[in-house]
Structure formats: structure tokens, C-alpha cells
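Welcome, and thanks for taking a look at this one. Here is a short tour for a first visit, arranged by topic.

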Amino acid sequence: MSDCLFCKIIDGTIPSTKIYEDEHVYAFTDIMPVAKGHTLLIPKQHCQDLFEMPEDVARNLYAVAPKIANAIKAAFQPIGMNTINNNGAAAGQTVFHYHLHFIPRYDEKEGLNLNWQTQKYTSEQLIEVADSIKANL
Ligand code: AMP
Ligand code: ZN
């Protein structure tokens, strides 16, 4: 896509700090990291978000995820790591080329607030939700 920031990073017209590249994916440092080692992994084939991602693109992308996570872990010894993907502006997506964030965690008190409130569902409600999703698989 000619006007996509991350497609331009892949083709080299916009600079990035490359960590890994193969036939299918590209990994680079987030330009505004929320923690040391914050990395983005993207498919070379443009797709806006998870909803638009073909299965083979997902397979090739996630095949590399453990390698990236373990390299960050070995480099900086975080005590945990979040892998996060925002889909849609309402979910916090700002760049509309799918990307998986790797966010190493160093300290529970570091101020990174990635927690959310849980809700109490009855087993009937859980079954109803599951059935609605299953009907659309
Ligand atoms: P999201 O909000 O999930 O769409 O995440 C987009 C991420 O892309 C943010 O964390 C930005 O800091 C990052 N970002 C934006 N422009 C660049 C760039 N030129 N190089 C590297 N990371 C970028
Ligand atoms: Zn793109």
C-alpha cells in the first residue's frame, strides 16, 4: 500500500531500526517505546488488522513470535512480557498495518497500566456468548 507507514518501513523508504527480517515478516524497534526492548512484528503483506489477515500470513507471523520474544528476554532479562495487537481505532490502533507489540515488563510498579476490570458472568451467560461466537466460525 503506497500510503501505509509500515509498508514504507518494509520497502526502506522510511527508516527503521531493524531487528529481524525474513520472506514474510519484519521486526523493528517501536519509535516511542513504552519499555526497554519494545518491539513491533509486522507481516510484509499489507493487511489492516487481524480481521483482514489471511491464515497463511498469521501462521508465518506467529511462527516467528517466540524467536522475537526470547531474543528480547535474553537481551534484557524482563520478568514478564505482554504481546498486544490493537485492532481498530476504538481499540487503540493508530497505524493501520497489522502489528504485534512485544512489551517487556520489568517491575510491577513501573507504571505501565495494562490491566482491565473483569466482569462476573453466570455459566449460562458464558455459554450464550460462546454459542454466538461458535455460530460465526
Ligand atoms: P498502535 O497504537 O497499536 O497502532 O501502535 C502503533 C505503534 O507504532 C506505536 O507504538 C508507535 O510508537 C509506533 N510507531 C509509529 N511510527 C513508527 C515508526 N516510524 N517507527 C517505529 N514505530 C513507529
Ligand atoms: Zn501496509
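Let us begin with Gln77, which is exposed because its relative accessible area is 56%, over the 50% that the word calls for. Gln77 belongs to the loop between helix 2 and strand 4. Please keep in mind that this is a predicted model.

- Most residues other than glycine have a negative phi.
- Gln77 is not a glycine, yet its phi is positive, at about 50°.

**The overall layout**

- The protein has 3 helices and 5 strands.
- Read from the N terminus, these elements follow the order α-β-β-β-α-β-β-α.
- Along the principal axes, the C-alpha atoms occupy a box of roughly 50 × 40 × 25 Å.
- Of the 137 residues in the protein, 31% are buried.
- If you take the contacts between residues at least 6 apart in sequence, 52% of them join residues at least 24 apart.

**The zinc site**

- Which residues coordinate the zinc ion (ligand 2)? They are Cys4 and Cys7, each through SG, together with His46 and His97, each through ND1.
- The coordinating distances run from 2.0 to 2.3 Å.
- The site of the zinc ion (ligand 2) is tetrahedral, with angles of 105 to 117° among the 4 donor atoms.
- Along the chain, the donors of the zinc ion (ligand 2) are spaced as C-x2-C-x38-H-x50-H.
- Cys7 and His46 link distant parts of the chain, as they are 39 residues apart. Cys7 sits in helix 1 (residues 5-11), while His46 sits in the loop between strand 3 (39-43) and helix 2 (55-76).
- Is Cys7 buried or exposed? Cys7 counts as buried, because its relative accessibility is 10%.
- His46 has a relative accessible area of 23%, so His46 is partly exposed.

**The aromatic cluster**

- A pair of aromatic rings is described by the distance of the centres and the angle of the planes.
- There are 2 aromatic pairs in the structure.
- One of them joins Phe6 and Phe28 edge-to-face, with 5.3 Å from centre to centre and 85° between the planes.
- Phe6 is in helix 1 and Phe28 is in strand 2 (residues 25-29), so this pair ties together parts that lie 22 residues apart in sequence.
- Tyr26 and Phe28 also form an aromatic pair, a tilted one, with 5.7 Å from centre to centre and 50° between the planes.
- Through these ring pairs, Phe6, Tyr26 and Phe28 are linked into a cluster.
- Phe6 and Phe28 are buried, and Tyr26 is buried too.

**Around ligand 1**

- How many residues surround ligand 1? There are 16, and the closest are Asp30, Gly92, Thr94, His99 and His101.
- A nitrogen atom of ligand 1 is 3.1 Å from a backbone N or O atom of Ile31.
- Asn86 places a polar side-chain atom 2.9 Å from an oxygen atom of ligand 1.
- Val95 has a polar backbone atom 3.1 Å from an oxygen atom of ligand 1.

- Leu5 is part of helix 1.
- With neighbours within four places in sequence left aside, Leu5 is in contact with Ile14 and Val95.
- Leu5 counts as partly exposed because its relative accessibility is 38%.

- Where is Asn87 found? Look in the loop between strand 4 (80-84) and strand 5 (100-105).
- Asn87 counts as buried because its relative accessibility is 18%, and the word applies under 20%.
- A polar atom of the Asn87 side chain lies 2.8 Å from the backbone nitrogen of Leu50.
- The side chains of Asn87 and Asn85 are joined by a polar contact of 2.7 Å.
- Beyond its neighbours within four places in sequence, Asn87 is in contact with Asp49, Leu50, Phe51, Gln93 and Tyr98.

Note on methods
Residues numbered from 1 in each chain as written. Chains lettered and ligands numbered in written order. Predicted model: local features only at pLDDT ≥ 70, side-chain atom pairs only at ≥ 80, totals over all residues. Heavy atoms only, no water. Helix = DSSP H or I, 4+ residues; strand = E, 2+ residues; numbered from the N terminus. Buried < 20%, exposed > 50% of the residue type's maximum accessible area, 1.4 Å probe, protein only. Polar contact = N/O pair within 3.5 Å; in protein donor to acceptor, adjacent residues only side chain to side chain. Contact = heavy atoms within 4.5 Å. Donors = N, O, S within 2.8 Å, 3.2 Å for Na, K, Ca; no water. Tetrahedral: all angles 85-135°; square planar, octahedral: opposite > 155°, others 65-115°. Phe/Tyr/Trp six-rings, centres within 6.5 Å; stacked < 30°, edge-to-face > 60°. Near = heavy atom within 4 Å.
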